[in-house]
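User: Could you walk me through this structure? I'd like to begin with the sheet and then look at some helices.
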Amino acid sequence: METEPCCEEHKDPAVKPTDPEVKEAIFGLVDGDSLNVLPCAPAEEGKELCGREQAETERSVGENKGTEIKSPSDLEQESVEPECKAVKKFKKSNSWKMVRFQDPSTEDEVLERDSSTESLFPEYATQEWTSTSFEELFMAGDWEDITEDRLLRKKVLKPGTPQGPHPTWDQEVTVKMQCVLEDRTVVEKDCKLVFVIGEGDVNQALEECVMSMRKGELALLLADSQYAYGLLGREPDIPAWAPLLYQLQLLDFREKPDPLTLPVADRIRIGNQKRETGNFHFQREEYSMAARAYCVALDVLTTCSKDGSDAGVKEEEEEVRDYRVKCLNNLATTQLKLEQFDEALRTSQDVLTLEPNNVKALFRAGKLLSDKGEYKEAMEVLKKALKLEPATKAIHIELSKLVKRQSGGKETQEWKPKPAELLGDNIAPFLIPSKKQPSGISWKFILGALVVALGSLVTSVILTARN
C-alpha cells in the first residue's frame, strides 16, 4: 500500500528538520500511560485472584499497589535448606509481579484475598519444576515440542478430557498458572487468569501452549525468551533473554463474549485494559502489537443504546466517547510509527468527529495534510489548533513550514507568533517579510561610488586651476 511521505521524513529543502518538541507533539501517547509490565488478562468482574503476597524488599514499597504486586519466591511448602534461603534473600530475588486491572472499589478486597504464600500446585513440585536446569529440560526426550524450533516445549503432568477439543484462535480461556526463572524466582502467579487467544493479553508462549491443551490438562511449559519477553525482558523482575518455566492448567475455554451484550461499565473496564496493553507494547516499540491492542479496545468501547434521553445513558456514552478518543489518538501515533500515514490521517479525523477541538488530533491531521500537499485544508486545521493553544510552539513551527511550502520553497515569508486575541480568519497580518537581504546592488555600494566620483571631480578641478 502506497503512503505519503512521513511528516518527520519530509525532504523539502525549504523546511528544516522537525524539532524535538514537534516530534513529541506528534508521537507522544495522549493519555500519558506508561506500562512496565504486560497485562496478562482482563480482570473480569467477580474473578478471584490468588497467591498475591506482600513484598519484603524496599523496592516493592513504592510500586503501584493497584497493578503490580510482589511476593516471596517460595515455590513449595517442602523443607528448604537455610543456606538456600539466605542466598535468595541476599539476591533480592524474592518477588513476582502480575498485572491485575481491577475496579478500585474491589481492590482492597482482592488484596486481602491474595495473602496466601502457598504454591498453586503443591502436589506437583517435581524435580523438573524445582531444580533441573533449563538446558537439560530443552534437551529432555520425554517433553513434547509445541514448535518446530524446539524452543517451546511442554510436559503433561495431568491429562485433560480424553478426545476433548482444543481452544482455538479468538476464544476466551481461563487458566491457572505460575511461572519461574531458572533460579526458581517466581515472576508470575495467577489462579484464574482469563485472556483471549490472539489479542496480545499474554505472551506468545501461553497462547501457543493453551491451543495444544485440553480442558483440565496440567502441564509444565518451557519457553525460550523469544516466545516470552525477549531482548527487553520485563522490568524489574524478568531479565533480557530470560527463558521461563510455567506450571499451567487449562480450566475452561469458550467463545469470547460479544461486547454489545456486556454492560457499558464492563466495556469501559475491558476497553481500558486493552488500551493499557497497547501502551505496554508501544513502550517496547512493538508497534504492530500495540496497534492491534488499540483496535481491540475500540471494538469494545462502543455504545448501542437507542434511548438517548436518559441522563444515565448520556453519561455512559460521554465516558465511552472520552476513552475512544484516547484509543484513537494512541492508534494514530502508532500508525505514524508504522509509517501508515493515510491510516493515521483517517484515525485523526475520526478523533475530530468525536471531539472537534482535540488539539493533538488537529495538529497531527494538519501536519499530515501538509505533507500530502493539501495546503489549504492543512492551513485551516492548523489555524484552528493555534486558536485553541496559541502558546504551543510546535503549531507555530508547523505553520511556518507550511507557508514556506506554499511559496514553493522560497523563503519570502515566515510565520510570526501573535497574541491569540488578534488571530482572525485572515492570517496575512501574521506574515512578515523575510529578514534576508534582497538580491541586487547594495545602496551602500552606490553611495560609495558616488563619493569616489565626486572626490575625483573635485581633484580634477583643483589640478586644472593650478595649471
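Analyst: Let us start with a term: two strands pair if DSSP finds at least two bridges between them, and strands are DSSP runs of E with at least two residues, while helices are runs of H or I with at least four, both numbered from the N terminus. This is a predicted model, where local features need pLDDT of at least 70, side-chain atom pairs count only at pLDDT 80 or more, and totals for chains, interfaces and linings use all residues. Residues are numbered from 1 along each chain as its sequence is written, and side-chain values use heavy atoms, with hydrogens and water left out.
User: Ok, what stands opposite Cys 179 in S8?
Analyst: Tyr 246 in S8 stands opposite Cys 179, and Lys 176 stands opposite Gln 249 of that strand. Strand S5 (residues 171-180) and strand S8 (residues 244-255) run antiparallel and are joined by ten bridges.
User: And how many bridges join S5 to S6?
Analyst: Eight bridges join S5 to S6, again in an antiparallel arrangement, with Met 177 opposite Asp 190 in S6.
User: Is S5 mostly covered or exposed?
Analyst: S5 is mostly covered, as nine of its ten residues are buried, where buried means under 20% relative accessible area, exposed over 50% and partly exposed in between, using a 1.4 Å probe and protein chains only.
User: Switching to helices, how does H11 pass H12?
Analyst: H11 passes H12 in a left-handed crossing, meaning that the near helix is turned anticlockwise from the far one by less than a right angle, whereas clockwise would be right-handed.
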